[in-house]
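Student: Let's go through this one together, a piece at a time. I'd like to start with single residues and finish with the open spaces.

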Amino acid sequence: MSGQSAALATWRRLCRIPGGRWLFSRIVCRKAPYFAGIRPRIMELRPGRAEVRMQKRHAVLNHLGGIHAIAMCNMAELAGGMVTDVTIPGTHRWIPKGMTVDYLQRADSDLRAVAELEFLPALGDSAEIPVTVEVFNANGEAVVRAVIRMWLSRKPGKPAKPDKPGRQA
């Protein structure tokens, strides 16, 4: 399991126990505190897919009573980052490089973000990959579609070796 991310190992341990998803979500927010404001709940995490939920509450509303655009961007970035982390090989690290967001309709309910990363290109020392995230309302309708450009680079001191990454084409 040398290629498995620490986040995935922790997820697999915690999601089996009562309250484990809640605890894992809190651990992620402690490591990256800017996500805490949306109070996310990570519901699914595996190579190639991550699902994050967020409740509609006063702290994430805009002046019109819908979920604020930046709260949805934070949710999309969290889902995209988590799927990237658990999909790329352990020899690499990632950071968001840019995000394109389409606001499809008003978001006025609890939300669910789904990030999918179906394949990885052959990774050398670095690469840029797109991660698509869709955010759905309580009726299952897409309210936001984001494409996050993730910059992958080899971790210092991690030589190239045949590692078993998450998914490769």
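**Residues, rings and pockets**

Student: Where is S153 found?
Tutor: S153 is found in strand β6, where strands (E, at least two residues) and helices (H or I, at least four) are DSSP runs numbered from the N terminus. Residues are numbered from 1 along each chain as its sequence is written. This is a predicted model in which local features need pLDDT of at least 70 and side-chain atom pairs count only at pLDDT 80 or more, while totals for chains, interfaces and linings use all residues, and side-chain values use heavy atoms, with hydrogens and water left out.

Student: Is S153 buried or exposed?
Tutor: S153 counts as buried because its relative accessibility is 14%, and buried means under 20%, exposed over 50% and partly exposed in between (1.4 Å probe, protein chains only).

Student: And what does S153 touch?
Tutor: Not counting residues up to four places away in sequence, S153 touches T91, H92, R93, D125 and S126, with contact taken as heavy atoms within 4.5 Å.

Student: R145 next. Which strand does R145 lie in?
Tutor: R145 lies in strand β6, which covers residues 142-154, and with 33% relative accessibility R145 counts as partly exposed.

Student: Which residues is R145 in contact with, leaving aside its neighbours in sequence?
Tutor: Beyond four places in sequence, R145 is in contact with T100, V101, D102, L104, V133 and E134. The side chains of R145 and E134 are joined by a polar contact of 2.8 Å; such a contact is a pair of N or O atoms within 3.5 Å, one of which, within protein, must be able to donate a hydrogen and the other to accept it, and residues adjacent in sequence count only if both atoms are side-chain atoms. As for V133, twelve residues from R145 along the chain, the two C-alpha atoms are separated by 5.9 Å.

Student: Switching to another arginine, which side chain does R49 meet in a polar contact?
Tutor: The side chains of R49 and E116 are joined by a polar contact of 2.9 Å. R49 has its place in strand β2 and counts as buried because its relative accessibility is 16%. Its touching partners outside four places in sequence are E44, V83, R112, V114, A115 and E116.

Student: What about R39, where is R39 found?
Tutor: R39 is found in the loop between α2 and β1, is exposed with a relative accessible area of 56%, and has a positive phi of about 50 degrees although it is not a glycine.

Student: New topic: how many aromatic pairs does a search of the whole structure find?
Tutor: That search finds two, where rings of Phe, Tyr and Trp (its six-membered ring) pair if their centres lie within 6.5 Å, and planes under 30 degrees apart count as stacked, over 60 as edge-to-face and the rest as tilted. One of them is the edge-to-face pair of W11 and F24, at 5.3 Å centre to centre with 75 degrees between the planes. This pair links distant parts of the chain, since W11 is in helix α1 and F24 in helix α2, 13 residues apart. W11 counts as buried at 4% relative accessibility, as does F24 at 2%.

Student: Now the open spaces. How much space lies in the largest pocket?
Tutor: About 570 Å³ lies in the largest pocket. Of the 26 residues that line that pocket, the closest to its centre are A7, K31, M82, D85 and W94. On a 1 Å grid over the protein atoms alone, a pocket is an open set of points where a 1.4 Å probe fits, with protein on both sides within 12 Å along at least five of seven lines, and lining residues have an atom within 4 Å of a point; the volume is the space filled by probe spheres set on the points.

Student: Which element gives the most to that lining?
Tutor: α3 gives the most to the lining of the largest pocket, with five residues.
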